[in-house]
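Work through the exercises below with the structure in view. Try each task before reading its solution.

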Amino acid sequence: MKYESLSSIEKDALREIGNIGAGNAATSMSKLVNKKIDMQVPSVKIVGYDEMMELIGGPEETIVAMLFQIKGDVLGTVYFILSLEEAEALIKKIINEDDFSFLNDEESNEMAISALQEIGNIVTGSYLTALSDFTNINMQPSVPYLSIDMAGAVLTVGLLEISQVSDYAIIIDTRISSDLGDGIHGNFFLLPEPETLPKLFHALGIKTDE
Amino acid sequence: MNDTKTIVKVGIADLNLVTAPDIIRTSGLGSCVGVVIYDPTKKVAGLSHVLLPDSKLAKQANFNTYKFADTAVPILIDKLLKRGARKYALKAKIAGGAQMFNFTSTSDIMRIGARNIEAVQLVLKENQIPILSSDVAGNVGRTIEFDPSTSMLKIRKVNKDEFYI
């Protein structure tokens with residue numbers, strides 16, 4: 001199935017998937033930080049590799065990314081992406097350590113990183129559970145993999161499977177943010193593998209030609 | 001007339017050429033490998049941002065040949081020769097091929113960094129181009145910049161000082 005030839009109904013369906021997933025994720029995030037979390041309407045983008053990096057500030061931008069591989073009946077990759085400052089702000093809230101910084105000593109980093117992985121686990125878990133319930137398709141997230149590095153380096157990992165079949169990636173991008181102006185935004189990137197898209201559409205009652 | 005430096009940027013699964021005083025760069029190499037091939041005397045250089053090791057992985061009819069080490073590097077060499085580089089004088093410097101996530105799965109695609117490095121080394125060897133220096137593997141992203149007038153490759157990593165190889 002070619003990404004470039006997705007119909008608008010198919011794109012709408014993917015947008016709805018992003019909506020449901022991130023809605024659920026925003027709720028769990030909100031419970032974690034005890035703040036209201038808002039969610040933007042998801043966008044479905046079909047982008048070249050370089051464009052994908054531009055979506056979050058360019059290939060050299062340092063990001064904090066948690067990657068989950070989706071196993072089960074639909075295959076793909078989910079990223080939960082925070083900027084360095086956002087991740088620090090989030091960690092400060094969770095571990096109650098106001099002077100936390102990623103550049104500090106390693107000991108507190110270890111705890112912070114495991115806290116962050118746990119947040120990612122909860123938030124992304126609820127994202128995928130919502131998708132799985134809605135589509136009735138079995139999707140299991142892997143354990144979280146965390147990397148703090150250049151966007152280009154981190155995000156190409158999610159492209160490896162896709163890049164064997166396509167020069168484009170489909171990204172269901174949803175942004176969540178807290179309303180108190182403390183700068184916590186997170187981006188969910190859902191990258192379904194092309195072969196499993198028809199299965200996803202079929203579950204949603206959309207007929208595809210292939 | 002032309003003494004201002006232009007930076008030519010190379011995207012993912014792309015390649016390009018420069019002649020001094022211009023410089024060429026690619027950003028955010030993770031498991032990808034940046035292959036610089038140059039003729040030090042003619043001061044012409046090419047850079048390829050290789051995403052995958054082998055075009056046999058392609059499941060497309062018309063795939064992008066710049067994406068794979070085994071197809072991109074010969075094209076890069078060919079373009080350099082057309083630009084006036086001499087085959088026997090060609091040298092290479094490479095960087096990248098990291099493993100960004102510590103995956104527990106042993107699937108081949110997850111150790112793509114190491115496979116990219118091997119594939120690049122092989123195709124350079126087949127073309128008898130010596131690798132003069134390299135900064136590969138590890139688990140960090142790299143941005144690289146090559147200056148054909150000095151033949152030096154500048155490498156930047158997150159939270160590290162820039163250095164040259």
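**Exercise 1.** How many helices and strands are there in chain B?

Solution. This is a predicted model: local features need pLDDT of at least 70, side-chain atom pairs count only at pLDDT 80 or more, and totals for chains, interfaces and linings use all residues. Residues are numbered from 1 along each chain as its sequence is written, while chains are lettered from A and ligands numbered from 1 in the order in which they are written. Helices (H or I, at least four residues) and strands (E, at least two) are DSSP runs, numbered from the N terminus. Chain B has two helices and 10 strands. From the N terminus on, the order is β-β-β-β-β-α-β-α-β-β-β-β.

**Exercise 2.** Find what share of the 165 residues in chain B is buried.

Solution. Count the other C-beta atoms, placed from the backbone, within 10 Å of a residue's own: 20 or more means buried, 12 or fewer exposed, and in between partly exposed. Buried residues make up 48% of chain B.

**Exercise 3.** Describe the side of chain B that touches chain A.

Solution. Two residues are in contact if their C-beta atoms, placed from the backbone, lie within 7 Å. By that test, 28 residues of chain B meet 23 residues of chain A. Strand 3 (residues 23-29) of chain B gives the largest share of that side, three residues.

**Exercise 4.** Which residues in helix 3 of chain A are buried?

Solution. They are Glu86(A), Ala87(A), Glu88(A), Leu90(A), Ile91(A) and Lys93(A). Just after the helix, Asn96(A) takes a positive phi of about 55°.
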